[in-house]
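Visitor: I am new to this one, and I like to know what stands behind each word. Could you show it to me and then let me ask how you know things?

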Amino acid sequence: MVQYRAPALDKVFHALAHPARRAMLGRLAEGERNLSELAAPLRMSFPAASKHVRVLERAKLVRRRIVGRVHLCRIEGKPLAEANRWLEEYRRVWEQNFDRLDDLLEEMKSQTVTKKPKGAT
Amino acid sequence: MKNTLKVVTRGEREIVITRDFNAPRPLVWDAMRQPEFVRRWLQGPPGWKMTACDDDQRVGGEFKWAWVGPEGQEMVIKGVNKEVVPPERVVRTETFEVGCAPQAGEQLATLELADHGATTSMTITIIYPSKEARDGAVASGMEKGMAFNYERLDVFLATNPSKPN
């Protein structure tokens, strides 16, 4: 059963809504990276990159550990799997709507006279 | 023959949804526009019941779709019809509300039906007020249970969050 109040999912989708953060996740999918490695291809300052990573951390998509002055980031797969499951479920509902519309259209076609309800345009 | 649903982003603020139907346009128009037909196929998520399906199809007329959930929660999609050209085009504004949550903003949705004789192709174009609204809607709109609203579902389908940019 799909849950409609889901603040954790809300954080995931907010985190994913920014292209820079999606790019960072793409890099992290390859393995652990430090913050400078994440910032460089985006031509971003260290503090700006750190701010984005903080959003990803709050969504539990990324885990950061600090060793001296190095910020090492690692991707966490589970919240993304949750988000995809959510997406898939909604896509399925939508496709079911259109499948039902297909069925209704078949029914309407098979009627020799389509009855128009009163007041129809 | 099963028709496929396609969803793409276009430019900075738009999302476009397309699907074909195996029926002539006047039938597709009626099935999509007459509330008694719409109730037959536009269902909410499992366990949700439609409580309102109203559409004043004149220019300036309001439409409203409402559902109630298993725990009494309310979901409403409503707006104003700006253009209605049967059987080919509807342009309307849309807003979405869940319970007491404030509206996330308003978008402009255009439904177009193209006549191909025995079949019809549907195109829905949604324009968001800004790039952020479109991209943000893709991510944050999901929590509010919009699957049944095909005009908003596009936002969910237009992003695959697990793929890097």
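**How do we know?**

Guide: Let us begin with chain B, where residues 24 or more positions apart account for 43% of the contacts with a separation of 6 or more; a contact means heavy atoms within 4.5 Å. In chain A, among contacts between residues at least 6 apart in sequence, 52% join residues at least 24 apart.

Visitor: Before we go on, what kind of model is it, and how is everything labelled?

Guide: This is a predicted model, where local features need pLDDT of at least 70 and side-chain atom pairs count only at pLDDT 80 or more, while totals for chains, interfaces and linings use all residues. Residues are numbered from 1 along each chain as its sequence is written, chains are lettered from A and ligands numbered from 1 in the order in which they are written, and side-chain values use heavy atoms, with hydrogens and water left out.

Visitor: How many helices and strands does each chain have?

Guide: Chain A has five helices and three strands, in the order α-α-β-α-α-β-β-α from the N terminus. Chain B has four helices and eight strands.

Visitor: Why is Phe98(A) called buried?

Guide: Buried means under 20% relative accessible area, exposed means over 50%, and partly exposed is in between (1.4 Å probe, protein chains only). Phe98(A) has a value of 1%, so it counts as buried. By that rule, 40% of the 121 residues in chain A are buried, and 53% of the 165 residues of chain B.

Visitor: What makes Phe98(A) and Trp41(B) an aromatic pair, and is it stacked or edge-to-face?

Guide: Rings of Phe, Tyr and Trp (its six-membered ring) pair if their centres lie within 6.5 Å; planes under 30 degrees apart are stacked, over 60 edge-to-face, and the rest tilted. Here the centres are 6.3 Å apart and the planes 20° apart, so the pair is stacked. The pair crosses between chains, from helix H5 (residues 77-110) of chain A to helix H2 (residues 35-41) of chain B. Trp41(B) is at 0% relative accessibility and is therefore buried too. Ring pairs also link Phe98(A), Phe21(B) and Trp41(B) into a cluster.

Visitor: How do you know that the charged end of Arg92(B) sits over a ring?

Guide: The rule asks for NZ of Lys or CZ of Arg within 6 Å of the ring centre and within 35 degrees of the ring normal. The charged end of Arg92(B) is 3.6 Å from the ring centre of Phe63(B) and 4.9 Å from that of Trp65(B), and it sits over both rings.

Visitor: Which residues touch Lys82(B), and is Lys82(B) buried or partly exposed?

Guide: Not counting residues up to four places away in sequence, Lys82(B) touches Val59(B), Val91(B), Arg92(B) and Thr93(B). Lys82(B) lies in strand S5 (residues 74-85) of chain B.

Visitor: What makes the link between Ser121(B) and His116(B) a polar contact?

Guide: A polar contact is a pair of N or O atoms within 3.5 Å; within protein, one must be able to donate a hydrogen and the other to accept it, and residues adjacent in sequence count only if both atoms are side-chain atoms. The side chains of Ser121(B) and His116(B) meet that rule at 2.8 Å. Ser121(B) lies in strand S8 (residues 119-127) of chain B, and its 15% relative accessible area makes it buried.

Visitor: Why is the span of helix H4 of chain A called close to the expected one?

Guide: The expected span is 1.5 Å times one less than the number of residues. Helix H4 (residues 46-58) has 13 residues and reaches 18 Å from its first C-alpha to its last, close to the 18 Å expected. Its buried residues include Ala49(A), His52(A), Val53(A) and Leu56(A).

Visitor: What counts as a nonpolar core, and how many residues has the largest?

Guide: A nonpolar core is a set of buried Ala, Val, Leu, Ile, Met, Phe, Trp, Tyr and Cys residues joined through side-chain atoms within 4.5 Å. The largest has 37 residues, and those with the most contacts inside it are Leu105(A), Met32(B), Trp65(B) and Met122(B). A second, separate core of 19 residues includes Leu28(A), Leu35(A), Ala49(A) and Leu61(A).

Methods: Helices (H or I, at least four residues) and strands (E, at least two) are DSSP runs, numbered from the N terminus.
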